[in-house]
Amino acid sequence: MDVNILLNRYAAGERDFNGANLHKANLGEADLSGANFCGADLSGADLSRADLSRCNFSRANLTDADLTGANLNGANLSEANFIGADLINVNLEETNLSRADLRGANLIRANLIRANLSEAELSGADLSGANLSQTNLIETHLAEAELNGVDLTGAILTDKEMSGTILHTGLSHKWVTWAGGS
């Protein structure tokens, strides 16, 4: 789908872009809040500083996408593919990232407060300085994830999530809720 067509349809009130092909689309700084991109291909797309709050990206392909500084507050990102994506300084507060694939993603200083990361794949992801306060990390795969300076205050996780994780000084885990061992 052509970017101009998408933006014109959105401006006219359309919000359903289910399955759209937006491979390498330049949507940086666009306001697409509340849109449905379920199953869409946004691989390699520029979504930096875009307002994507309350969007539905479930099962979407965002491989290698640039979401630096984007606002995804309250978005549904379940089962989305973010492999190698840039999510630096992104707002992911109260998002649903259950079963999302974030292998090798760059989440430096990401705001993940109250996000649902249950069963998400974060192996090799860089979460340096991220805020994971009150985040659901049950059955999240964090093998070899970089967690330097991460705030885990009130996060829900088990010993299983932390095994094989790269831990550094500066990791804040005060008031972590341990949901039982495995």
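Predicted model: local features only at pLDDT ≥ 70, side-chain atom pairs only at ≥ 80, totals over all residues.
Reader: In what order do the elements of the chain run from the N terminus?
Author: Helices (H or I, at least four residues) and strands (E, at least two) are DSSP runs, numbered from the N terminus. The chain has two helices and two strands. From the N terminus on, their order is α-β-α-β.

Reader: Which residue with a positive phi follows α1?
Author: α1 covers residues 3-11. The residue that follows α1 has a phi near 105°. That residue is Gly13.

Reader: What percentage of the 182 residues counts as buried?
Author: Buried means under 20% relative accessible area, exposed over 50%, and partly exposed in between (1.4 Å probe, protein chains only). By that rule, the buried share of the 182 residues is 47%.

Reader: How many aromatic pairs are there?
Author: Rings of Phe, Tyr and Trp (its six-membered ring) pair if their centres lie within 6.5 Å; planes under 30 degrees apart count as stacked, over 60 as edge-to-face and the rest as tilted. Ring pairs join Phe17, Phe37 and Phe57 into a cluster. The count of aromatic pairs is two.

Reader: Are the rings of Phe17 and Phe37 stacked or edge-to-face?
Author: Their centres are 5.6 Å apart. Their planes meet at 20°, so the pair is stacked.

Reader: How many residues apart are Phe37 and Phe57 in sequence?
Author: The ring centres of Phe37 and Phe57 are 5.2 Å apart and the planes lie at 10°, so this pair is stacked. Both residues sit in the loop between α1 and β1. The pair therefore ties together parts whose separation in sequence is 20 residues.

Reader: Is Phe57 buried or exposed?
Author: Phe37, its ring partner, has 1% relative accessibility and counts as buried. The relative accessible area of Phe57 is 2%, so Phe57 is buried.

Reader: Which ring does Arg15 lie over?
Author: A charge sits over a ring if NZ of Lys or CZ of Arg is within 6 Å of the ring centre and within 35 degrees of the ring normal. Arg15 is 3.6 Å from the ring centre, over the face of Tyr10.

Reader: Which residue's backbone oxygen lies 2.8 Å from a polar atom of the Thr95 side chain?
Author: Thr95 is found in the loop between α1 and β1, and is buried at a relative accessible area of 3%. Leaving aside neighbours within four places in sequence, Thr95 has contacts (heavy atoms within 4.5 Å) that include Leu72, Asn73 and Ala115. The backbone oxygen at 2.8 Å belongs to Leu92.

Reader: How many disulfides does a search of the whole structure find?
Author: A disulfide here is a pair of cysteine sulfur atoms within 2.5 Å. Cys38 is buried, with a relative accessible area of 12%, and Cys55 is buried, with 1%. The number of disulfides in the whole structure is zero.

Methods:
Residues numbered from 1 in each chain as written. Heavy atoms only, no water. Polar contact = N/O pair within 3.5 Å; in protein donor to acceptor, adjacent residues only side chain to side chain.
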